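Subject: A structure for you to look at

Hello! Here is the structure I promised to pass on to you. Have a look at it first, and then read my notes below.

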Amino acid sequence: MTDTSTEEDQAAKNERRARGEFVRGVSGFRHAIGDPEFPAAPGRYHLFVALNCPWCHRVTLARSVLGLNNSITMDVAFPNRTGDDDPERPNLWEFATDRVASLKGATLPECTGETGTGRGLRLAKEIYRAEGSEEQSLPILYDKITSRIVNNESAEIIRMLDVAADALGSTIPAAERVRLYPDDDKLRQQLHDLNDLIYTAINNGAYKAGFSSDQKIYATAFGAYFEALEQLEKLLSDGRPFLTGAHFSEADLRLFPTLYRHDPVYYVRMKLNGARILDYPYLWRWLCRVYALPGIANAGSLIHCRQGYFGRSWNGVVPNGPFRPMPYPEAYLRPELAAL
């Protein structure tokens with residue numbers, strides 16, 4: 001049975017895609033840190049990510065808030081995938097420090113070469129090919145000792161980083177560090193229910209709205225997305241600072257990448273123009289509250305998001321806005337922009 005808080009049901013996927021529905025594939029590498037062949041140890045593991053990708057954003061957020069930036073190394077792909085002129089093929093994640101972003105007219109300082117395998121590979125696909133896989137997605141959690149992919153499902157990666165944070169070499173004392181998935185059965189059930197709603201209607205729902213080519217499928221995804229936002233707005237209206245109450249959790253981390261992208265990117269690119277997050281005062285204040293937490297702002301980049309989503313769409317021109325009431329992400333420092 002499919003865990004719909006983690007991945008999409010693949011039933012009749014070919015027929016659904018033929019009808020114009022976007023159906024997200026399933027990640028194929030599902031090992032865990034803590035398995036006998038993958039013990040938790042500082043400096044052993046590496047992440048391959050793209051900062052425009054919301055699934056990668058989950059992982060960079062977890063790495064940052066759990067104090068693992070120094071003990072888990074990371075490479076960052078260019079936000080636009082390869083083009084039609086690429087000798088391998090188009091639409092592949094590429095590690096390239098010399099590619100110029102059209103938005104800035106310059107290279108992006110966050111982009112790196114590939115260092116995790118020690119072979120200086122150009123494409124993420126080459127990391128998979130070494131294991132006989134045809135996959136090409138990011139993120140990838142990689143073991144530098146065995147030269148193997150551990151996992152490429154972001155929901156599982158963030159949970160294993162949380163569980164193994166001490167053994168992985170967190171720089172934050174356990175008493176001061178967030179617990180994304182606490183040892184509390186009641187709270188874990190709340191997290192599962194929230195994760196199911198957030199993944200199905202919001203995280204993956206944004207992609208169903210933006211990438212499905214059938215009007216009815218788009219309309220269904222559009223409606224479900226905004227209905228879920230209304231549910232979360234109501235949940236936060238009781239004054240709780242985070243989704244499960246007083247403490248930041250896995251559900252907050254999984255919601256953040258989509259809402260962070262909504263106003264400046266998804267409103268236009270994913271055709272989710274029903275409302276801005278700024279139009280939901282409790283969600284907006286939650287978004288600003290999370291953005292202000294230590295490690296959150298530096299774990300993502302709206303420049304990469306705008307370049308990645310718009311630089312590969314339509315004619316490749318990246319919109320300049322929004323600038324009212326003020327530019328993003330600076331707006332996330334102003335919770336009062338949404339009046340209660």
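A word on the record before we start: UniProt positions are given here in the numbering of this structure, feature names are shortened, and annotations may be inferred rather than shown by experiment. From UniProt, in an unreviewed entry, comes the feature "domain: GST C-terminal" at residues 184-323. Over residues 184-323 the chain is 64% helix and 0% strand, with the end C-alpha atoms 43 Å apart. Helices (H or I, at least four residues) and strands (E, at least two) are DSSP runs, numbered from the N terminus.

Please keep in mind that this is a predicted model, in which local features need pLDDT of at least 70 and side-chain atom pairs count only at pLDDT 80 or more, while totals for chains, interfaces and linings use all residues. Residues are numbered from 1 along each chain as its sequence is written, and side-chain values use heavy atoms, leaving out hydrogens and water.

Now to the inside. In soluble globular proteins, nonpolar side chains tend to be buried together. A nonpolar core is a set of buried Ala, Val, Leu, Ile, Met, Phe, Trp, Tyr and Cys residues joined through side-chain atoms within 4.5 Å; buried means under 20% relative accessible area, exposed over 50%, and partly exposed in between (1.4 Å probe, protein chains only). The largest such core has 96 residues, and Trp 284 and Trp 286 have the most contacts inside it. Helix 6 (residues 185-211) gives the largest share of this core, 10 residues.

Next, the rings. Those of Phe, Tyr and Trp (its six-membered ring) pair if their centres lie within 6.5 Å; planes under 30 degrees apart count as stacked, over 60 as edge-to-face and the rest as tilted. That rule gives 21 aromatic pairs. Phe 48 and Tyr 142 are edge-to-face, because their ring centres are 5.7 Å apart and their planes at 70°. This pair links distant parts of the chain, with Phe 48 in strand 1 (residues 45-49) and Tyr 142 in strand 3 (residues 140-143), 94 residues apart. Both Phe 48 and Tyr 142 are buried.

The rings of Tyr 218 and Phe 222 also have centres 5.7 Å apart, but their planes are at 55°, so this pair is tilted. Both residues belong to helix 7 (residues 215-236), four residues apart, or about one turn of the helix. Tyr 218 counts as buried because its relative accessibility is 15%, whereas Phe 222, at 23%, counts as partly exposed.

Happy exploring!
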